[in-house]
Amino acid sequence: MKLNRRQALALGAGALFVTLTPFRGGALASTADEEIKAFTGGATVMEDDIVSLTAPEIAENGNTVPIGVSVDSPMTSDNYVRRVRILADGNPRAAVATMHFSPLSGSAEANTRMRLAKTQNIIAIAELSDGTYHMAKAAVKVTIGGCGG
Amino acid sequence: MAKSKPRVKVPKTAAVGEVITIKTLISHKMESGLRKGKDGNLVPRQIINRFTAEFEGQQIFAVDIDPAISANPFLEFTMKVPGPGEFTFTWVDDDGSVYTKKSKLKIG
């Protein structure tokens, strides 16, 4: 088959489009959004003061970044925090952990240590027993990424 | 790898209704499955994927863990003391191993 000039140009443009497509729109950012949707089932997430997320402003070592979540809740049997989803929007995979609380917890507070590949936002979404979702975000600057070589 | 060793820091005595803090740690490499080894191939994932804390058979706190949790996963959480009893802490490894640790709580 012989290509004329117009066909050759179209082919080139098509190839360029295919090569660029995976990088458009931030493939990594969308996984955090997908995780949020999977967690909430598409329900509205309120960004208010109910959830607080503590993380260092600057993490020198991305391998162990201490983070803490605290949700303002009486933690009684009819009003408590069911789950808290932790996400990191700049990691190769956004999922970090899902914490399950119960009225026996007494308070919806937990601390752990996580890996951060680069400077990014940590997101915590709490699911309360009344079915509402609340979110908090914290930006962390990472000096040395924590995903190995 | 060396056998994972769970460690728990929990008070021995507490008052009913008091909110106590529990700290747990288990030695584990938490291989993410995203890292390349010396041979250039991906090192297969092996992490602790689930942690549960129970008191007298009732769940206090549990975590579904993803590879983004650091090596030697540390967890700190709380419990409102309902009375005397026994804690059971459980860690589940990707390879099927289950590590447990128990601790008794007295009222005093």
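**Exercise 1. Where in chain B does Arg35(B) lie, and between which strands?**

Solution. This is a predicted model, in which local features need pLDDT of at least 70 and side-chain atom pairs count only at pLDDT 80 or more, while totals for chains, interfaces and linings use all residues. Residues are numbered from 1 along each chain as its sequence is written, chains are lettered from A and ligands numbered from 1 in the order in which they are written, and side-chain values use heavy atoms, with hydrogens and water left out.

Step 1. Arg35(B) is placed in the loop between β3 (19-26) and β4 (48-55) of chain B; strands are DSSP runs (E, at least two residues), numbered from the N terminus.

Step 2. Arg35(B) counts as partly exposed because its relative accessibility is 31%; buried means under 20% relative accessible area, exposed over 50%, and partly exposed in between (1.4 Å probe, protein chains only).

Step 3. The side chain of Arg35(B) is in polar contact with that of Glu31(B) at 2.9 Å. A polar contact is a pair of N or O atoms within 3.5 Å; within protein, one must be able to donate a hydrogen and the other to accept it, and residues adjacent in sequence count only if both atoms are side-chain atoms.

**Exercise 2. Describe the interface of chain A and chain B.**

Solution. Step 1. Chain A contributes 29 residues and chain B 32 residues to the contact (heavy atoms within 4.5 Å).

Step 2. About 2400 Å² is buried between chain A and chain B, with carbon and sulfur atoms giving 50%; buried area is the accessible area (1.4 Å probe) that two parts lose on being put together, summed over both. His100(A), Leu104(A) and Arg115(A) supply 30% of the area that chain A buries against chain B, more than any other three residues.

Step 3. One salt bridge is counted between the two chains, and Asp66(B) and Arg85(A) meet in a salt bridge at 3.3 Å, N to O. The term requires a side-chain nitrogen of Lys or Arg within 4 Å of a carboxyl oxygen of Asp or Glu.

**Exercise 3. Is Thr112(A) buried or exposed, and which residues does Thr112(A) touch?**

Solution. Step 1. Thr112(A) belongs to strand β7 of chain A and counts as buried because its relative accessibility is 3%.

Step 2. Residues up to four places away in sequence aside, Thr112(A) touches Val65(A), Pro66(A), Ile67(A), Met99(A), Ile69(B), Phe74(B) and Leu75(B).

Step 3. A polar atom of the Thr112(A) side chain lies 2.6 Å from the backbone oxygen of Phe74(B).

Terms used
Helix = DSSP H or I, 4+ residues; strand = E, 2+ residues; numbered from the N terminus.
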